[in-house]
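Grab a pencil and work through these exercises with the model open beside you. Each one sets a task and then walks through a solution.

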Amino acid sequence: MVSWRRRPGPGLARLWGLCCLVLGCWPGALSCPASCGCSSWRIWCTGSSPGIASFPVPQRSAEGDNVTEIYIANQPNLESINDNEVGFYVGLKNLTVVDSGLRFVSRHAFVKNVNLQYINLSRNKLSSLSKKPFRHLGLSDLILVDNPFKCSCEIMWIKKFQETKFYTETQDLYCIDDNNKRTALLDMKVPNCDLPSANLSNYNITVVEGKSITLYCDTTGGPPPNVSWVVTNLVSNHESDTNKNPASLTIKNVSSMDSGLEISCVAENIVGEDQASAELTVFFAPNITFIESPTPDHHWCIPFTVKGNPKPTLQWFYEGAVLNESEYICTKIHVINQSEYHGCLQLDNPTHLNNGAYTLLAKNDYGEDEKRVDAHFMSVPGDGSGPILDPDVYEYETTPNDLGDATNNSNQITSTDVSNKENEDSITVYVVVGIAALVCTGLVITLIILKFGRHSKFGMKVHGEVKGVGLVDQIWLSLQDCDSEEQVMVAVNSDVHNNSAASDNNRLGFVLFHKIPLDG
């Protein structure tokens, strides 16, 4: 048995040396400043000398994709976080800037950092801080202790944020009022500084297609909030007026394509924002936007798409007559998208009796629409127009009830057309039966002859010459003593009744018989 033993060598040492070399060169790969260190997922800047004066950014944007944590401390020259600096780190989750000279955070500083969960800006020089950089983030923690905030409406959102968030340790946040008095942020009171609110005049917006509608939004708050309408993807022509309170939005010639869209009114001031939303419902007549010839699937299907609000009722017609649906022919709706319905008329094993024109009628309170499609499932048997499609599959035959109240007899199939093949089969059967009857009759006659022939006065048991009696030339031979299938020679006197003087050779004929079993 071969044993393996670990032997010392330069391989492991070289590997560790290579790893150390790579790790040692890593800060240069991410272009880290002299006072920072970098790894594949973390950046830290803690050295105060020489320190950094701006937020560290990579020379190549792809270098920061995997960074999830940035830690900056003891950087007195770092005074601002500007647009597009933090945005290089799209995967950033934790950001810490503490014990530094930070005074300003841009309103668009964290636009690209949607994964941010934790921000710590403690012990900096922040006197004010806007809510805009943080309003789109789902932060679990925002730590702002020991900053020289001024008591103003601009930091009121921080107070509201504290009141709505639960912390394991309460932050001691303070602000300095106009009298240079230090006041707890939770006790701060600023006149005319309130969260805004937005209220719509109608939260159930319903309108008929082609009509116009106006929606109003009433807002409150201090300072007075700015109002905006969010009408993303609205197709209909619209115009808004936000200079008045309440603000208004008018939608003209409303399109059915806008049914189901959400319309929102947003009120925002420096304290915060509020939003009110309503769904637009458009009533319109049905429209069959798609219908196609049947396609074979698990079942045959005539596919269709219908739009309409409220939901239209669907009725099928076959050759102009109402199609009564059953378990074999029925309408199936597979997908519903707002006011659009995708489905098919499902037919289970249709035959040539189902060929013809199918019409779909969609109807609601605002109108109706209909479309027709021609369907061909299989050829009529025996018409010579082509082979029957999958004849072994079709076991179902449509009954008159499935086709509705059809009274037009011109489309019915005659018995002559249907039974040509059946008549040919009947003639063949008759011929076979006749032949069998003839054979049976012959056998019966043969049995009768054999049975009564053995008692005839003309028959006699001989082993030599048989002499005839009377005027007949036929002699019946009884075979009851023949125990084997040997041949029996019988001499027949053909001229007894004439007393002819012909020679023996001319007078005698020979007949050969075999024993024939009666059951054979």
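**Exercise 1. Find the residue of β17 that stands opposite H238.**

Step 1: H238 stands opposite I251 in β17. Helices (H or I, at least four residues) and strands (E, at least two) are DSSP runs, numbered from the N terminus.

Step 2: Now the pairing around it. β16 and β17 (residues 247-252) run antiparallel, joined by 5 bridges; two strands count as paired if DSSP finds at least two bridges between them.

Step 3: Zoom out to the open sheet, where 4 strands line up as β12-β14-β17-β16 with antiparallel pairing. β12 (194-200) and β16 (237-241) are the edge strands, each pairing on one side only.

Before going on, a word on the source: this is a predicted model, where local features need pLDDT of at least 70, side-chain atom pairs count only at pLDDT 80 or more, and totals for chains, interfaces and linings use all residues. Residues are numbered from 1 along each chain as its sequence is written, and side-chain values use heavy atoms, with hydrogens and water left out.

**Exercise 2. Work out which strands pair with β18.**

Step 1: β15 (residues 226-230) pairs with β18 in the antiparallel sense over 5 bridges, and S228 stands opposite V266 of β18.

Step 2: β19 (residues 273-291) is antiparallel to β18 too, with 7 bridges. Here C265 has A276 as its bridge partner.

Step 3: Check the cover. In β18 (residues 262-268), 6 of the 7 residues are buried, that is, under 20% relative accessible area with a 1.4 Å probe, protein chains only (exposed is over 50%, partly exposed in between).

**Exercise 3. Say why Y341 counts as buried, and list what it touches.**

Step 1: Y341, in strand β25 (residues 340-347), counts as buried because its relative accessibility is 10%.

Step 2: Leaving out residues up to four places away in sequence, Y341 touches F304, T305, V306, G308, K311, P312, I333, V335 and I336. Contact means heavy atoms within 4.5 Å.

Step 3: Take P312: 29 residues from Y341 in sequence, its C-alpha is 9.4 Å from that of Y341.

**Exercise 4. Name the residues with the most contacts inside the largest nonpolar core.**

Step 1: Such a core is a set of buried Ala, Val, Leu, Ile, Met, Phe, Trp, Tyr and Cys residues joined through side-chain atoms within 4.5 Å.

Step 2: The largest has 46 residues, and I70, F110 and I119 have the most contacts inside it. Its largest share, 4 residues, comes from α2.
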